Amino acid sequence: MPLLVAGSMLFGALSGSPAHAQDERRASRPQQAEQGLRIAPSLTAVYDDNIYRVDSRTGDPVADVIVTPAIEARYDRDIGVRAISLRALAGYDRFLSESGRSKPRFELEGSGKLPIAGQCSIRPLASYRQQRADYGDINSASENLQKFSSLGVSADCERAAGLYPVAAWRRDTTRNGDGFDYADQTSNLYRAGIGYARPSLGKLTAYYERVVSDRPALALENRSNAYGLVFSRAVSPLTSIDADVRWMQVTSSSAAIGDYDGPGWAVRVSTMAIPRVKLTGSTERTIVNDSLIATGFAVRTAHRISAEIALSELTTIGAFGELVRREFRHDAAIRPFNYTRDRTNQFGLLATRKLTERFALDLSLARLDRSTNSDVSNYRATRVALGATMRF
C-alpha cells in the first residue's frame, strides 16, 4: 500500500511502506547501477504461520507456504550526463493450501535524467504495480488485487556550490478490486524549493510541498501542506546523513475527520566505521493515505535499525528491528473501528550466499507483532523465506 508522504526526500528519493525482506531485496537498487541489460529469474518460498493475521486468542491462525516464481529485467544506461533506467518484474504468488489467495504480481518502473538549459536537468518518472493486498489490519480472509501507478517529473539546476531552484510534480493512483472500490484514490503532489550546495557543508534544500488526495467514491478529499528543510552530507567516506525535517498541516473535507498540525521528519544515518559492518539507523514521521482508512489518514511514526555484516566476499548476514506507531484520523460512521491507534514491531534476520557469480541464495526470518489500543485486531506472525536468484 502506498505511502503518500508529506515532505519526503527530494522527488527521486520518496519512500514507500516497509515490505517483507524478499520484496525489499527485489525492489532495491544499487547506488551506482550496472550498465546494460540484466535478467534475473528467481524462485522464493515463504512459510507464514498466520496468513490471515488473526488474533490467536480468538481464532485459529492458518499457516501456508507461498511459492513465487518471478523474472526481473533491468536496463540502465548512462550517456554522459544523460541517464535512463528501466525495470520490469512479473511473478505469481502461489498459496499451496489457501489457493484462493493466489495472485499475479507485476511491476514496471522507468526513470531518466535529461539536461536542459546548460546546468539544469529534468527527471521523469513512471511506474505501475499490481499485487495482492496484505490486509493484516482487517483480520479476515478479505481479498483485494490492488493496482498502483505513478507519473511525475522533477527539475533542478543543481550546482557544486551556490543556490539553485528545485521543483517536482507527481500523480499517484490506487485502484482496488470489487468491495474495496470505495478506497480508490488519486493524489497529486506539488513541490517547489531552493537548494544550496557547498562542498564543506553538503546540500541543503528549503521547500514547500502540497499533496491533495481525492476519494471520488466517497466525495472526500485530504489535503496536506508541508514546509521543510532537507539536508544531505557524507560526513566521511564511511558515514552519510540524510535528514528531512518539516512542519505538516493536514486537513480533510469531512468535518468528522480530525486534523494534524505538527512536525514530520525522515532522518537516516549510515556508517561503515566498523570494518565489514554496515550500520543504518532511521526514524520518520509521515502522513499515510491508505486503503484501510476509508475516509481519513494516519500519522505514522517509525524507528528502524539494521546491521549488515560481510563475512566474506560470498556471504553476508544481517539483522533488523523496526517499531511502528500509527494514529488514525477517520470518520467512524463510514467505516467503524474499535481502535484509534496501533503499534507493529518487526524483527528479523537476513542471510545471502553467492554460490557463483550468477547464482545466489537468500534466507530471511521475520517476526511481526501488532497490537491496538482497544486490544482488538491484534496478531502475531512469523515468516521464513528462502529464495534463489540466477542473474544473466
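Is Val384 buried, partly exposed or exposed? Select Val384 to find out: its relative accessible area is 33%, so Val384 is partly exposed (buried means under 20% relative accessible area, exposed over 50%, and partly exposed in between, with a 1.4 Å probe and protein chains only). Welcome to the tour.

Before moving on, please note that this is a predicted model, in which local features need pLDDT of at least 70 and side-chain atom pairs count only at pLDDT 80 or more, while totals for chains, interfaces and linings use all residues. Residues are numbered from 1 along each chain as its sequence is written, and side-chain values use heavy atoms, with hydrogens and water left out.

**The whole protein**

Show everything as a cartoon. Of the 392 residues, 44% are buried. Switch to a surface view: the accessible surface comes to about 19,200 Å², and carbon and sulfur atoms hold 59% of that (areas come from the Shrake-Rupley method with a 1.4 Å probe; for residues, only the protein chains shown count as cover).

**A nonpolar patch**

Go back to Val384, which is in strand 18. Strand 17 (359-372) and strand 18 (379-390) each supply at least two residues of the patch.

**Rings**

The whole structure holds two aromatic pairs (rings of Phe, Tyr and Trp, its six-membered ring, pair if their centres lie within 6.5 Å; planes under 30 degrees apart count as stacked, over 60 as edge-to-face and the rest as tilted). For one of them, select Tyr208 and Tyr227: the ring centres are 5.2 Å apart and the planes meet at 40°, so this pair is tilted. Tyr208 lies in strand 9 (residues 202-215) and Tyr227 in strand 10 (residues 220-236), so the pair ties together parts that are 19 residues apart in sequence. Tyr208 is partly exposed at 32%, and Tyr227 is also partly exposed, at 45%.

Next, select Arg191 and Tyr207. The charged end of Arg191 sits over the ring of Tyr207, 4.1 Å from its centre (this requires NZ of Lys or CZ of Arg within 6 Å of the ring centre and within 35 degrees of the ring normal).

**Stops in the loops**

Arg53 is in the loop between strand 1 (36-48) and strand 2 (64-79). Although not a glycine, Arg53 has a positive phi of about 55°, and its relative accessibility of 2% makes it buried. Ala219, in the loop between strand 9 and strand 10, is not a glycine but has a positive phi of about 55°; at 66% relative accessibility, Ala219 is exposed.

Move to Cys157, in the loop between strand 6 (145-156) and strand 7 (162-175). Leaving aside residues up to four places away in sequence, Cys157 touches Gln119, Cys120, Tyr164 and Pro165 (contact means heavy atoms within 4.5 Å).

Finish at Glu313, in the loop between strand 14 (297-310) and strand 15 (315-329). Glu313 is exposed, with a relative accessible area of 79%.

Conventions:
Helices (H or I, at least four residues) and strands (E, at least two) are DSSP runs, numbered from the N terminus.
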